[in-house]
Amino acid sequence: MTLEQRISTKQARVGVVGLGYVGLPLAVEFASRGFETIGIDLDQEKVHAINAGRKYIADVEERKFAACVKSGKLTARGDYECVNSLDAVYICVPTPFTPHKEPDISYIIHAATEISKKLRKGQLIILKSTTFPGTTEEYVQPILEKTGLKVGRDFHLAFSPERIDPGNKKWTTANTPVVIGGVTKKCTELTCKLTEQIVATVVPVSSPKIAEMEKLLENIFRSVNIALVNELARLCDRMGGINMWEVVEAASTKPFGFMPFYPGPGIGGHCILIDPYYLEWLARKYDFQTNFIALAAETNESMPFYVKDIVLREISMRPVPLRNAKILVLGVAFKKDVDDTRHSPALRVMELLHMDGARNIVYNDPFVPTAQIDGLEFKSVPLTKSLLRSSDCVLITTDHSSYDYDFIVQHAKLIIDTRNATKHVKEGREKIVLLGDGR
Ligand SMILES: NC(=O)c1ccc[n+]([C@@H]2O[C@H](COP(=O)([O-])OP(=O)(O)OC[C@H]3O[C@@H](n4cnc5c(N)ncnc54)[C@H](O)[C@@H]3O)[C@@H](O)[C@H]2O)c1
């Protein structure tokens with residue numbers, strides 16, 4: 001039976017390497033559509049959790065996940081032994097940067113090397129990790145071809161970037177279009193065929209490099225636009241009298257040619273903070289300066305410092321020294337309604353405040369029970385009336401939907417709101433310092 005037939009009859013066995021925010025939802029999607037799906041992860045805790053029916057990614061629907069595990073359609077393992085028996089293998093491993101902000105594709109290299117040890121004729125390998133143009137053909141392909149098998153002839157290889165937006169209820173794995181660039185036409189066709197089994201729309205492009213570059217464009221687009229509104233928010237604060245949030249709302253009424261982006265304490269997560277640096281690094285090889293990327297990074301990465309300075313300014317106006325001032329940080333996840341704290345600007349602000357001498361910092365986050373800052377372990381404290389009343393400053397860094405902002409404003413003495421989370425609060429607005437409101 002050909003791979004096409006195995007796919008269309010759901011007999012294809014699908015492997016997913018890396019069972020994190022990207023890999024687990026993908027594996028669940030295939031398993032729930034009837035494909036035998038095997039997840040591979042080096043983290044034994046994740047492997048055990050899946051096999052025991054315990055999910056650890058909030059976005060994955062509990063019932064769907066449980067059904068996949070119970071039916072045996074979804075299993076996980078901590079090694080690559082099963083690769084030989086798989087028809088298609090997705091690679092969804094991390095692509096972080098080094099301390100000097102250069103690409104670290106070692107996880108991809110490791111995964112590709114392990115897969116190559118079991119590679120056989122007829123298999124389809126799909127890289128999903130976000131990376132710089134050329135990774136699929138110049139790094140992954142040679143590793144797989146070292147086996148003597150040839151892409152296009154013996155096996156198939158494609159790059160298909162992930163667009164999942166954790167916490168987004170409207171756009172999910174199943175309804176977000178997926179871009180696919182195969183090394184050969186056949187590679188693209190097969191990847192489209194497989195992807196069509198779980199998503200409504202596939203978008204084939206002419207090469208892996210196009211797909212790699214378009215993913216970076218998506219994330220650089222966000223980074224640049226967020227930097228733009230952050231810069232204008234700071235200008236509004238400097239000028240006084242112009243509220244940047246109202247400006248964005250007004251501009252958003254234009255039905256074409258404008259898309260709203262909002263100011264904030266900085267960017268975080270595993271994507272828009274990191275990915276632009278992948279392209280900046282590559283561009284240097286061509287004596288090319290990616291000025292937009294650099295400027296956006298500079299602006300966005302300066303936002304935690306700006307927020308820290310607002311906190312210091314406001315506390316300096318109170319009869320309490322910074323060292324003793326109780327600073328309550330609300331929300332340490334990098335964005336609302338998720339538990340992901342990777343590169344969170346909130347943690348950066350806490351770290352900067354700590355470095356400047358603040359010693360009474362506490363936080364609450366309904367999604368994040370503990371957090372590490374400057375080598376210190378912090379625990380989320382219950383958000384109570386007395387906590388709010390006893391805090392000298394309440395800093396809103398992540399606008400989780402579950403927070404009762406009326407309650408927060410009612411009981412706090414001073415609120416610094418970096419997300420306009422308190423926009424609907426009517427009473428007590430005089431206590432709110434809003435980033436970018438030009439007050
Ligand atoms: N998180 C997102 O919202 C998002 C969105 C789009 C794209 N991406 C991209 O997807 C990729 C994965 O991101 P993520 O957020 O899912 O990461 P993650 O850290 O949540 O998950 C990665 C998983 O891979 C495992 N792993 C690492 N090396 C491995 C190896 N050699 N073999 C097997 N397993 C291995 C880790 O244990 C971890 O469970 C990254 O390139 C990221 O940029 C992420």
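This is a predicted model: local features need pLDDT of at least 70, side-chain atom pairs count only at pLDDT 80 or more; totals for chains, interfaces and linings use all residues.
Student: How do you know which residues of H5 and H6 make the contact?

Tutor: Two residues are in contact if their C-beta atoms, placed from the backbone, lie within 7 Å. On the H5 side these are Ile-108, Ile-109, Ala-112, Thr-113 and Ser-116, and on the H6 side Thr-135, Tyr-139, Val-140, Ile-143 and Leu-144. Helices here are DSSP runs (H or I, at least four residues), and strands are runs of E of at least two, numbered from the N terminus.

Student: What makes up the contact of H5 with H6, by nonpolar, polar and charged residues?

Tutor: Seven are nonpolar, three polar and none charged, where Ala, Val, Leu, Ile, Met, Phe, Trp, Tyr, Cys and Pro count as nonpolar, Asp, Glu, Lys and Arg as charged, and the others, Gly among them, as polar.

Student: Why are H10 and H11 called oblique to each other?

Tutor: Helix H10 (residues 275–285) and H11 pack at an angle of about 140°, with axes 10 Å apart. Axes are lines fitted to C-alpha atoms, for helices over the stretch in contact, and angles run from 0 to 180 degrees between N-to-C directions. Angles under 35 degrees count as roughly parallel, over 145 as roughly antiparallel, 65 to 115 as roughly perpendicular and the rest as oblique; H10 and H11 are therefore oblique to each other. H10 passes H11 in a left-handed crossing, with Pro-276, Leu-279 and Glu-280 of H10 meeting Ile-293, Ala-294, Ala-296 and Ala-297 of H11.

Student: What makes H11 oblique to H12?

Tutor: Helix H11 (residues 291–316) and helix H12 (residues 345–355) pack at an angle of about 50°, with axes 9 Å apart, and that angle makes H11 oblique to H12. Their crossing is right-handed. From H11, Met-303, Pro-304, Phe-305, Val-307, Lys-308 and Val-311 meet Pro-345, Arg-348, Val-349, Leu-352 and Leu-353 of H12, a set with nine nonpolar, no polar and two charged residues.

Student: How do you know which residues around the ligand come nearest?

Tutor: A residue is near a molecule if its C-beta atom, placed from the backbone, lies within 6 Å of it. Of the 26 residues around the ligand, Gly-18, Gly-20, Tyr-21, Val-22 and Ser-129 come nearest. The largest share of this shell, three residues, comes from helix H5 (residues 106–116), and by class the shell has 14 nonpolar, eight polar and four charged residues.

Student: Into which domains is the chain divided?

Tutor: The bounds come from an automatic or database domain assignment, which gives domain 1 (3–205) and domain 2 (207–439). Their C-alpha centres lie 32 Å apart, and the contact takes 27 residues from domain 1 and 24 residues from domain 2.

Note on methods
Residues are numbered from 1 along each chain as its sequence is written. A crossing is left-handed if the near helix is turned anticlockwise from the far one by less than a right angle, and right-handed if clockwise.
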